[in-house]
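Please open the model in your viewer, with the sequence panel alongside it, and follow the stops below in order.

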Amino acid sequence: MIYICENILDFDIEEALRTVSVERRESALRYRFDIDRRQSLAAYLLLQHGLREEYALDIMPRLEYDDRGKPRMLDYPDIHFNISHCRRGVACAISRVPIGVDIEVIDAIDWDVARRVMNAAQLDAIAASPNPERAFCKLWTIKESILKYSGEGLCDDLPRLAIDNYTFAHYHGDSYICTACCSRSVEHEEFMLVGL
């Protein structure tokens, strides 16, 4: 399941700080700007919500990080999750299989950046689209969700990143796109909007 929160400016930040782990509280408080603290807290509130809904877990599991910085639950190795945020929302994917998620605001295209991250066929498809900004954003979230699924993080060879070996689920908000990625053998995940 992929949980999305669009109201990151509306929840009580002091209450949120009391409900997350000490580690997450300290991490959130290190951010200089309120919006960054809110995104950090909202991501983990979504994770807590999803773990309660799907696995009846009322405590926040201990997290550890692999060599590439991808988090996992130390006590629940069969529960996989991934988190992403942008200025319009926060997404948390929770699954029985490895998963990646990315959420991005639909913005004007910087074509210099587009040429560095997309191949020629992708650039042609974006340019031919009735809504190039939306098309670029969707392709970008696909690529980012693959990298988050694999734990690789951004790489130098994004134009050649193979996207055919995965299953994707997309949610199109008014001003953002969220994409989840898992292996080809997995059915599409469902999306749920959550108010915090």
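The tour goes from the nonpolar cores to the aromatic rings and then to the cysteines.

Before selecting anything, note that this is a predicted model, in which local features need pLDDT of at least 70 and side-chain atom pairs count only at pLDDT 80 or more, while totals for chains, interfaces and linings use all residues. Residues are numbered from 1 along each chain as its sequence is written, and side-chain values use heavy atoms, with hydrogens and water left out.

**The nonpolar cores**

Start by selecting Leu 41, Leu 47 and Ile 94, which touch the most other members of the largest nonpolar core, a set of 28 residues. A core here joins buried Ala, Val, Leu, Ile, Met, Phe, Trp, Tyr and Cys residues through side-chain atoms within 4.5 Å, where buried means under 20% relative accessible area, exposed over 50% and partly exposed in between, using a 1.4 Å probe and protein chains only. Next, colour β1 (2–5), α1 (13–19), α3 (34–55), β4 (80–86) and β5, the elements that give two or more residues to this core; α3 gives the most, with eight residues. These helices (H or I, at least four residues) and strands (E, at least two) are DSSP runs, numbered from the N terminus.

Centre on Leu 41 and display its contacts, meaning heavy atoms within 4.5 Å: leaving aside residues up to four places away in sequence, Leu 41 touches Phe 11, Ile 13, Ala 16, Leu 17, Val 20 and Ala 28. Another core, of 17 residues, lies apart from the largest one and has among its members Ile 109, Leu 158, Tyr 166 and Cys 181.

Then move to His 49, also in helix α3, which is buried at a relative accessible area of 19% and touches Tyr 3 and Val 194, again not counting residues up to four places away in sequence.

In strand β5 (residues 89–95), select Ser 95, a buried residue with a relative accessible area of 3%. The side chain of Ser 95 reaches the backbone nitrogen of Val 97 at 3.2 Å.

**The aromatic rings**

Rings of Phe, Tyr and Trp (its six-membered ring) pair if their centres lie within 6.5 Å, and planes under 30 degrees apart count as stacked, over 60 as edge-to-face and the rest as tilted. By this rule there are four aromatic pairs. Select Tyr 166 and Phe 168, whose ring centres are 6.3 Å apart and whose planes meet at 55 degrees, so the pair is tilted. Tyr 166 is buried at 19% relative accessibility, and Phe 168 is buried at 13%.

Next take Tyr 171 and Phe 191, a tilted pair with 5.7 Å centre to centre and 35 degrees between the planes. This pair links distant parts of the chain, since Tyr 171 is in strand β7 (residues 166–172) and Phe 191 in strand β9 (residues 191–193), 20 residues apart.

**The cysteines**

Where do the cysteine sulfurs leave the count of disulfides? The structure holds zero disulfides, a disulfide being a pair of cysteine sulfur atoms within 2.5 Å. Select Cys 5, whose nearest cysteine sulfur, that of Cys 86, is 11 Å away; Cys 5 is buried, with a relative accessible area of 0%. Finish at Cys 86, buried at 7% relative accessibility, where the closest cysteine sulfur, in Cys 137, is 8.1 Å away and therefore too far for a bond.

Note on methods. A polar contact is a pair of N or O atoms within 3.5 Å; within protein, one must be able to donate a hydrogen and the other to accept it, and residues adjacent in sequence count only if both atoms are side-chain atoms.
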